[in-house]
Amino acid sequence: TRAMTDSSQRDYAAAKLWLHKSLKRLAGTSPDRMPSIISEVFSEDARCFVAHPINELEGAPEIERKLWGPLKQAFPDLERTDTMMVAGEFGGKLMIACLGSYNGTFERDWLGIPASFKATSIRYGEVYHVENHRIVRAWMLIDVLDVMRQADVWLLTPSLGAEGVWPAPGGVSGLEL
């Protein structure tokens with residue numbers, strides 16, 4: 001295993017900071033600004049592989065139309081909280097992995113789940129392939145089942161454990177090295 005150089009650590013830190021700020025800005029934007037921010041953050045031919053029922057998306061317009069647009073319409077006050085971000089090289093490509101939650105008020109139906117008009121936390125696990133400060137590929141696991149639970153639309157047997165989303169300690173940005 002090759003030891004990380006100071007230079008590569010700085011490069012990874014800068015890439016994480018760029019992604020952190022870009023995705024927070026995307027989550028917090030208004031619907032009319034979303035297409036321009038998506039075109040700044042995602043490459044035109046970006047591909048996203050998202051948990052069902054969203055599935056595979058190709059190109060920035062489809063990513064906006066099928067993922068971010070509906071999410072922002074359902075949760076207009078959406079905020080993103082990263083609790084962990086790690087960056088490194090895999091197969092010669094810069095990869096950044098994130099864990100955290102989106103938080104907002106569930107005001108419109110989303111993915112067939114009726115709006116609850118309650119504060120809702122949506123856990124995520126995401127991995128991004130980034131080139132030249134643009135997302136080229138994304139793999140996103142969005143906890144849709146927990147959104148259903150929070151909206152009182154639970155189709156599975158009751159859990160044997162405690163359910164919920166617990167926030168990270170205050171002041172955690174996920175960017176610490």
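Helices and strands here are DSSP runs, numbered from the N terminus. With that naming in hand, the loop between strand 1 and strand 2 (55-58) is a handy place to start, as Pro-53 is found there. The model is a predicted one, and in it the peptide bond leading from His-52 into Pro-53 is cis, with omega near 15 degrees.

In the loop between strand 4 and strand 5 sits Phe-117, which has a positive phi of about 60 degrees despite not being a glycine. Phe-117 is also exposed, its relative accessible area being 60%. Then there is Asn-132, in the loop between strand 5 and strand 6. Asn-132 is not a glycine either, yet its phi is positive, at about 50 degrees. With a relative accessibility of 73%, Asn-132 counts as exposed.

Next come the helices. Helix 2 (residues 34-41) and helix 3 (residues 60-74) have axes that come within 10 Å and cross at roughly 125 degrees. On the helix 2 side, the contact is made by Met-34, Pro-35 and Ile-38, while helix 3 brings in Ala-60, Glu-64, Trp-68, Gly-69 and Lys-72. Sorted by type, the residues of this contact are five nonpolar, one polar and two charged.

Trp-68 turns up again among the aromatic residues, where it forms one cluster with Tyr-102 and Tyr-124. The count of aromatic pairs comes to five. One of these, Phe-49 with Trp-139, is stacked, at 6.0 Å centre to centre and 15 degrees between the planes. Phe-49 belongs to strand 1 (residues 42-50) and Trp-139 to strand 6 (residues 134-142), so this pair ties together parts that lie 90 residues apart in sequence. Both partners are partly exposed: the relative accessible area is 26% for Phe-49 and 37% for Trp-139.

Phe-75 and Trp-110 pair up edge-to-face, with 5.9 Å from centre to centre and 80 degrees between the planes. This pair, too, links distant parts of the chain, 35 residues apart: Phe-75 is in the loop between helix 3 and strand 3 (79-90), and Trp-110 in the loop between strand 4 (93-105) and strand 5 (119-131). As for accessibility, Phe-75 is buried at 0%, and Trp-110 is buried as well, at 3%.

Methods:
Residues are numbered from 1 along each chain as its sequence is written. This is a predicted model: local features need pLDDT of at least 70, side-chain atom pairs count only at pLDDT 80 or more; totals for chains, interfaces and linings use all residues. Side-chain values use heavy atoms; hydrogens and water are left out. Axes are lines fitted to C-alpha atoms, for helices over the stretch in contact, and angles run from 0 to 180 degrees between N-to-C directions. Helices (H or I, at least four residues) and strands (E, at least two) are DSSP runs, numbered from the N terminus. Contact means heavy atoms within 4.5 Å. Ala, Val, Leu, Ile, Met, Phe, Trp, Tyr, Cys and Pro count as nonpolar, Asp, Glu, Lys and Arg as charged, and the others, Gly among them, as polar. Rings of Phe, Tyr and Trp (its six-membered ring) pair if their centres lie within 6.5 Å; planes under 30 degrees apart count as stacked, over 60 as edge-to-face and the rest as tilted. Buried means under 20% relative accessible area, exposed over 50%, partly exposed in between (1.4 Å probe, protein chains only).
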